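The following note sets out a few points for a reader who is new to protein structures. Please keep the sequence and the model in view while reading.

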Amino acid sequence: MATRNRRRRFKKSSIKTFGFFLIFSAIVWVLVQFSKTYTQVIEVPVNYLNVPLDKSISEERPDHVDLQLQDNGFSIYYYKIFNPKLDIDLSEATENDKNLIYSIENHITVIEQQLKVTLEDSRIIQNEIVIPFQFKKEKMLKIISNVEVSYAVGYSADEPLQLVPDSVKVSGPEEVIAKLSSIPTLKKKLENVNSDLDGSVKLDTAGYGELSFYENSIRYTQEVEKFTEGKAEIPVEVINVPDNLNLAYFPKSVVVYYQVNLEEFEKVGASDFSVVCDYKSVKEGDDYMIAQIKSKPKFVNNIRLNERRIQFVIKR
């Protein structure tokens, strides 16, 4: 019985020992194989940077370069797993007919730093990268402001918000540019403003990935001044009344409220305003006319009337 147990322990011990040496041998074999020098061609994806604004590179452009890598198995395995990309700066390319030419030889140092290889033993098979391009069309687009200004009490501006510049040059495919005439800014809210404005806002270029913008943001300016409110009673004038019509209307005058720069308040008088009702605009069955401000000083704003409906009756 004891002999039989010794045989079982011997068999188990032999299997463990054999397994250990088998795994150890496999590891050593793998390490030896990976330590050997191999030569293999690996496709390295390329990413194009700084495309000239007046050019559009073709969809048929090369999407990789072929790196003939001569190194140990570990390095080659690393490249296959992590697959590094190569950034190509097209501002460094030369132009030849309808192609941009990027010379590999002239940029060895940059390429070695990016790919972390030495191109003495290894090499890139291509001598140059040829990128076809088409010239873009250029156009000036008017900039539409989306800057909303809310002034503090007693403050306003005589002139609208100024954009600098008020238009922007873009380039891109002709079929896209032909449909555009303007480009908006991003939305921006300025609240409780009580001093001059001078800031910047970006253009809303979302959805225009095919276009290149020569400016991506613009300045806005505006002079903000202290304003006060004034009022004046103005007689109502009715125009286009037929000669044979005896028209009576009420009220005969309305009050005009307005805002004006504090420094120019004394320059405003009732005679600077005129309010009219056009009888021709009266719809059939109506017994009122709508008062409109016909004239006002250029430097006043936020004008309103205390009464816009002017009642009338026709005397027989």
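1. Residue classes: Ala, Val, Leu, Ile, Met, Phe, Trp, Tyr, Cys and Pro count as nonpolar, Asp, Glu, Lys and Arg as charged, and the others, Gly among them, as polar. By these classes, six nonpolar, five polar and six charged residues form the lining of the largest pocket.

2. Basis of the note: The model is predicted; local features need pLDDT of at least 70, side-chain atom pairs count only at pLDDT 80 or more, and totals for chains, interfaces and linings use all residues. Residues are numbered from 1 along each chain as its sequence is written, and side-chain values use heavy atoms, with hydrogens and water left out.

3. The covered face of strand β18 (residues 217–222) holds Ile218, Tyr220 and Gln222, while Ser217, Arg219 and Thr221 lie on the uncovered face. In a regular strand the side chains alternate between the two faces of the sheet.

4. Neighbours of β18: Two strands pair if DSSP finds at least two bridges between them. Strand β16 (residues 197–202) runs antiparallel to β18, and six bridges join them; here valine 201 stands opposite isoleucine 218. Strand β12 (residues 162–164) also pairs with β18 in the antiparallel sense, over three bridges.

5. Salt bridges: A salt bridge is a side-chain nitrogen of Lys or Arg within 4 Å of a carboxyl oxygen of Asp or Glu. By this rule there are six. In one of them, aspartate 198 meets arginine 219, with the closest N and O atoms 3.0 Å apart.

Terms used: Buried < 20%, exposed > 50% of the residue type's maximum accessible area, 1.4 Å probe, protein only. Helix = DSSP H or I, 4+ residues; strand = E, 2+ residues; numbered from the N terminus.
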